[in-house]
Amino acid sequence: MSKEPQTIVHTDVLIFGGGIAGLWLLDRLRGQGYRALLIESEALGAGQTRYSQGIIHGGTKYTFGGSLSQSAHAVAAMPGRWRACLEGRGELDLAGVRLLSSHQYLWSTGGVASRLAGFFASHAMRSRVEAVEGDALPPVFCDPAFRGRVYRLDEPVLDTASLVSALAQPHRDAILGAAWPDGVNLEHSDPPVVELSAGENRLRVSARRVLFAAGAGNAALLQSIGHATPAMQRRPLHMALVRGTLPGELFAHCLGASTNPRLTVTSHHDADGRLVWYLGGELAEQGVARNREQQLAAARAELTELLPWVDFGGCQWATLRIDRAEPVQPGGRRPEGVFVDEQRRVITVWPTKLALAPALADEVLALLTDEDLEPHGEGALPSWPRPPMAPLPWDEELQWS
């Protein structure tokens with residue numbers, strides 16, 4: 001016979017989802033004096049967080065058409081806010097996060113369209129883009145065969161595993177593991193009451209607000225409580241990875257003829273210390289229509305064309321399919337900024353990109369303030385199973401060829 005759930009916890013905000021969005025919100029809410037708990041169904045950082053390239057965009061990639069888009073405006077202030085946190089002087093203390101690179105690069109090939117894209121990007125974001133030449137070039141572009149242009153961007157790249165750890169560690173007592181929908185029952189009451197189960201453990205939580213920050217998991221959570229809106233869309237990617245004897249680390253966008261980066265490269269080291277280039281951009285977007293072998297061939301061909309002086313002969317290759325979960329947009333286009341919606345004391349959020357986590361927290365805190373939800377401070381926290389940390393994709397059993 002199962003044990004009856006006991007009402008042992010009263011909280012201000014109960015967060016679902018232990019990715020960057022949920023963890024950032026947990027830290028900000030508790031820092032403002034709210035009683036907050038977070039529920040994760042798998043592992044902290046699972047889902048979109050661990051598949052992220054770790055780029056803190058400042059909007060430059062959205063200026064390739066020659067003007068500042070709404071997306072560029074939405075993220076323009078984010079690198080500065082993140083840097084303050086990374087230096088231990090911001091709204092959160094992220095001084096323990098590993099910085100993979102303090103900046104990125106834009107590079108253009110010798111093509112006319114690509115050069116024009118670089119010109120427009122450099123002028124639209126003049127304060128964040130600096131031309132780089134000579135000895136200041138990244139090693140991969142120091143070969144005499146390189147005929148393009150390189151710009152330095154004031155946009156850092158982070159190790160997402162250390163970011164998840166830094167956000168979660170101060171609040172481990174407030175982070176609980178419970179799989180949904182089976183381990184979660186959200187009652188239609190005012191205030192909302194959530195019954196949690198994990199093995200033989202039972203817990204009843206009364207929350208003044210329930211907040212869904214579970215990325216793709218938001219759809220199932222909303223369905224479980226009978227909410228048809230907000231609706232969710234998925235924009236898939238087919239990423240590629242290459243590891244082996246590579247010409248050093250590279251954090252860069254290659255400019256092509258379109259308004260999106262032709263290729264985005266970030267560099268990581270796996271558990272055995274091997275250097276991995278993680279490949280996104282148009283390669284990943286167009287790769288959705290390709291099978292694994294076709295995407296591997298496309299990745300090899302793209303790098304060979306863009307960096308013909310580099311020998312990739314001894315390298316290993318892999319692909320990875322991921323989904324970006326977002327609020328539905330007309331025509332399935334990319335959302336311009338963060339999304340926050342409230343219905344019957346249930347708040348649903350999507351940050352839409354890693355860099356916008358601070359802006360998402362701003363909107364949630366403003367919503368709670370507008371509704372006169374006053375912080376109550378910490379109460380007794382339960383003893384409960386805690387979720388583990390999710391591994392990064394290159395530390396899993398990917399199929400390398």
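How many aromatic pairs does the structure hold? The structure, which is a predicted model, holds 10 aromatic pairs. A pair of aromatic rings is described by two values, the distance of the centres and the angle of the planes.

Take Trp-24 and Trp-82 as one example. Their rings lie 4.8 Å apart, centre to centre, with 50 degrees between the planes, and the pair is tilted. Where do these two residues lie? Trp-24 belongs to helix H1 (residues 20-31) and Trp-82 to helix H4 (residues 78-86), so the pair ties together parts that are 58 residues apart in sequence. Trp-24 and Trp-82 are both buried.

Is Phe-312 buried or exposed? Its relative accessible area is 9%, so Phe-312 is buried, as the cut-off for buried is under 20%. Trp-317 has a relative accessibility of 4% and therefore counts as buried.

Ring pairs can also join into a group. Here they link Trp-107, Phe-141, Phe-146 and Trp-309 into a cluster. A ring may also have a charge over it: the charged end of Arg-243 sits over the ring of Trp-400, at 4.1 Å from the ring centre.

Which side chain does the side chain of Arg-262 meet in a polar contact of 2.7 Å? The partner is Glu-302. Leaving aside residues up to four places away in sequence, Arg-262 touches several residues, including Cys-254, Leu-255, Glu-282, Leu-283, Glu-305 and Leu-306. Glycines are also among them: Gly-256, Gly-280 and Gly-281.

The last stop is helix H10 (residues 357-370), with 14 residues. At 1.5 Å a residue, H10 should span 20 Å. Its end C-alpha atoms are 20 Å apart, so the two values agree. Which residues of H10 are buried? They are Ala-357, Pro-358, Ala-359, Leu-360, Ala-361, Val-364, Leu-365, Leu-367 and Leu-368. An α-helix has 3.6 residues a turn, so residues three or four places apart point the same way. Just after H10 comes Asp-372, which takes a positive phi of about 60 degrees.

Methods: Residues numbered from 1 in each chain as written. Predicted model: local features only at pLDDT ≥ 70, side-chain atom pairs only at ≥ 80, totals over all residues. Heavy atoms only, no water. Phe/Tyr/Trp six-rings, centres within 6.5 Å; stacked < 30°, edge-to-face > 60°. Helix = DSSP H or I, 4+ residues; strand = E, 2+ residues; numbered from the N terminus. Buried < 20%, exposed > 50% of the residue type's maximum accessible area, 1.4 Å probe, protein only. Lys NZ or Arg CZ within 6 Å of the ring centre and 35° of its normal. Polar contact = N/O pair within 3.5 Å; in protein donor to acceptor, adjacent residues only side chain to side chain. Contact = heavy atoms within 4.5 Å. Expected span 1.5 Å × (residues − 1).
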